[in-house]
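Biologist: Could you walk me through this model step by step? I am new to reading structures, so please spell out the terms as we go.

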Amino acid sequence: MNKYLLTAMLLTVTLLTIMQPAAAADITIKVTKRYLNLPVSHKQERKAMTYTIGGKEAQRFVIRLSAEPEYWVFSDLSAYKGKTIKISYEGDAAGLGKVYQDDKINGQDSLYHEQKRPQYHFSTRRGWINDPNGLVFYEGEYHLFYQHNPFERDWENMSWGHAVSKDLIHWEELPVALHPDKIGTMFSGSAVIDYDNTSGFGKPGKPAMVAAYTADNPDRQVQCIAYSLDKGRTWTKYNDGKPVIDSKEKWNSKDTRDPRVFWYKPGKHWVMALNERDGHSIYISDNLKDWKFESHTTGFWECPDLFELPVDGDQNNKKWVMYGASNTYMIGSFDGKAFKPEGGKYYFSSGSIYAAQTYNNIPEADGRRIQIGWGRIPQQGMPFNNMMLLPTELTLRKTKDGIRLFSVPVKEAEQLFSPVQKWTNLSSSEANQKLKEFYKADKLRIKTTIKLSHATDAGFNLFAQRMIGYDMNFNQLNGMFYSPQDPTSMELTADIFIDRSSIEVFIDGGTYSYSMERRPDPGNTEGFHFWGNNIEVKNLEVFSAKSIWR
Ligand code: FRU
């Protein structure tokens, strides 16, 4: 053989060998414990990991596996107990050697006591969370499903995480409810209880919990449904996860997502509000499987919600509210098929809140409209990220500007707080003095009313961070337009919820609220600090806060 050809061939073989990705390595284990603990490092790239059981792919996701972990994540293997599972990894195989099963997650001993762990807000044990999904009440349990990446503190592998609570305050995290499948990853959606068994998924005396979700893949976003007969613990995807709505061509857009389903009693049919391209569409169905397009309201993006509320509690005067991911809303009427706005687009909450959703199937005797919003609160340096904001009750009230949405934390939150001190009619320096002993609290609630007289702006800081920054001249509150009910009023009332990594503020009885990451200025020594020329602190109350984690 020509020696040049031989050299060229050898070189090709060598190059091919060098360019080959490390051959997929695998380990095989018999599942005897509850958790598979997985070491990760952000110095590694994301590579695919596959669980194969009996020759069939059971789960596939991407993970930054590493033999030198920055933190550990886990897979709940309860569903595979007793089975033999092959774990294959397409990336650096070194990390595979460290993977182990145990009945405890790695880090269990410090769980919920980590430095930044929210103490009275829901956060996930490990990984990333975003939108609340499938909020539904059933047999004494409030379900909170949520957008979740179990394998990293950043967004990926969208799955439906799951937690339950008996009081909206204390949560128990359960195994992941919906895993990505061949159709796509599990994007946001909602859940209902099919009491009349319209879907046929139920069994006698056992109505199905039905989830509507978006499956996302590089080409399209389609709507699918799944059902559970064991209170949301395990799920079956209808028609193997194939879509019940695929509307990309109709809208000439990939953005068709986040089905929000509820039972429309007067018409005895299901309604789905679905974000499609530039607004929220309404679809209706008799059985949760076959959906018919009815109407479209432009002006919204992502995560629709639609519900009816009495105005000032008057059951004879009800209005419908439609909102999108940013919590901006319209008020109007709804006949089961189309929403007709009757005014402008407003906001009642801002800051870290996003993609909030309200509960389905709250018992009629209760009748509240309860919302949970995603708190985009980075948990710096923690093996988990983001959190849910406090559940709130939404109401419609007549105001000087017309009918508006109000929100306050649900009454169940009161159990968390105990009064410690209360003062009235203080100057700002007196108030600052009184609050000195509370500087170090990792969690606290403060109610206050301030009155301006010589100041055009005034506020209340915590280590230089503006919890309240009210500009009476420009009518701005922490950067957003705010005008009190009595426009001549010089007073502002705030109910402030401070947790380790977050601050939530409810203004003037829930007229407006906002939330933020808690970010003390490390160079500041002031602690709590009222400011503004000659302001009066008319009322100041301090409450201690309990942790929800035992
Ligand atoms: C909103 C959102 C949804 C989508 C989900 C994906 O935060 O973009 O529209 O379903 O997040 O995680």
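Biologist: What is the bridge partner of K447 in strand 38?

Modeller: In strand 38, K447 has D495 as its bridge partner. Strand 38 covers residues 491–498, and strand 33 pairs with it in the antiparallel sense over 8 bridges; two strands are said to pair if DSSP finds at least two bridges between them. Helices (H or I, at least four residues) and strands (E, at least two) are DSSP runs, numbered from the N terminus.

Biologist: Before we go on, where do these numbers come from?

Modeller: This is a predicted model, in which local features need pLDDT of at least 70 and side-chain atom pairs count only at pLDDT 80 or more, whereas totals for chains, interfaces and linings use all residues. Residues are numbered from 1 along each chain as its sequence is written, and side-chain values use heavy atoms, with hydrogens and water left out.

Biologist: How many residues of strand 33 are buried?

Modeller: Of the 8 residues in strand 33 (residues 444–451), 6 are buried, so the strand is largely enclosed by the rest of the structure. Buried means under 20% relative accessible area, exposed means over 50%, and partly exposed lies in between, using a 1.4 Å probe and protein chains only.

Biologist: And what about strand 2, how many of its residues are buried?

Modeller: For strand 2 the count is 6 of the 6 residues, so this strand too is largely enclosed by the rest of the structure. Both of its faces are covered, with Y35, N37 and P39 buried on one side and L36, L38 and V40 buried on the other.

Biologist: Which strands does strand 2 run antiparallel to?

Modeller: Strand 2 pairs with strand 5 (residues 71–76) in the antiparallel sense over 6 bridges, and there P39 stands opposite W72. Strand 2 is also joined by 3 bridges to strand 7 (residues 100–102), again running antiparallel, with N37 opposite Y100.

Biologist: Changing topic, how many salt bridges are there in the whole structure?

Modeller: A search of the whole structure finds 37 salt bridges, where a salt bridge is a side-chain nitrogen of Lys or Arg within 4 Å of a carboxyl oxygen of Asp or Glu. One of them is between the side chains of R46 and E152, at 2.8 Å from N to O. That pair links distant parts of the chain, 106 residues apart, with R46 in the loop between strand 2 (35–40) and strand 3 (47–53) and E152 in the loop between strand 9 (141–149) and strand 10 (159–165).

Biologist: Are R46 and E152 buried or partly exposed?

Modeller: R46 is partly exposed, with a relative accessible area of 27%, whereas E152 counts as buried at 2% relative accessibility.

Biologist: What does E156 do with R46?

Modeller: E156 forms a salt bridge with R46, with the closest N and O atoms 3.7 Å apart. E156 lies in the loop between strand 9 and strand 10 and R46 in the loop between strand 2 and strand 3, so this pair ties together parts that are 110 residues apart in sequence. E156 itself is partly exposed, at 23% relative accessibility.

Biologist: Which residue does D219 form a salt bridge with?

Modeller: D219 forms one with K248, the closest N and O atoms being 2.9 Å apart. Salt bridges that share partners also join D219, R220, D246, K248 and E249 into one network.

Biologist: Now the ligand: which residues come nearest to it?

Modeller: Of the 13 residues around the ligand, D131, Q147, R257, D258 and E302 come nearest; a residue is near a molecule or strand if one of its heavy atoms lies within 4 Å of it. A polar side-chain atom of D131 lies 2.8 Å from an oxygen atom of the ligand, and for a polar side-chain atom of Q147 the distance to a ligand oxygen atom is 2.7 Å.

Conventions: Polar contact = N/O pair within 3.5 Å; in protein donor to acceptor, adjacent residues only side chain to side chain.
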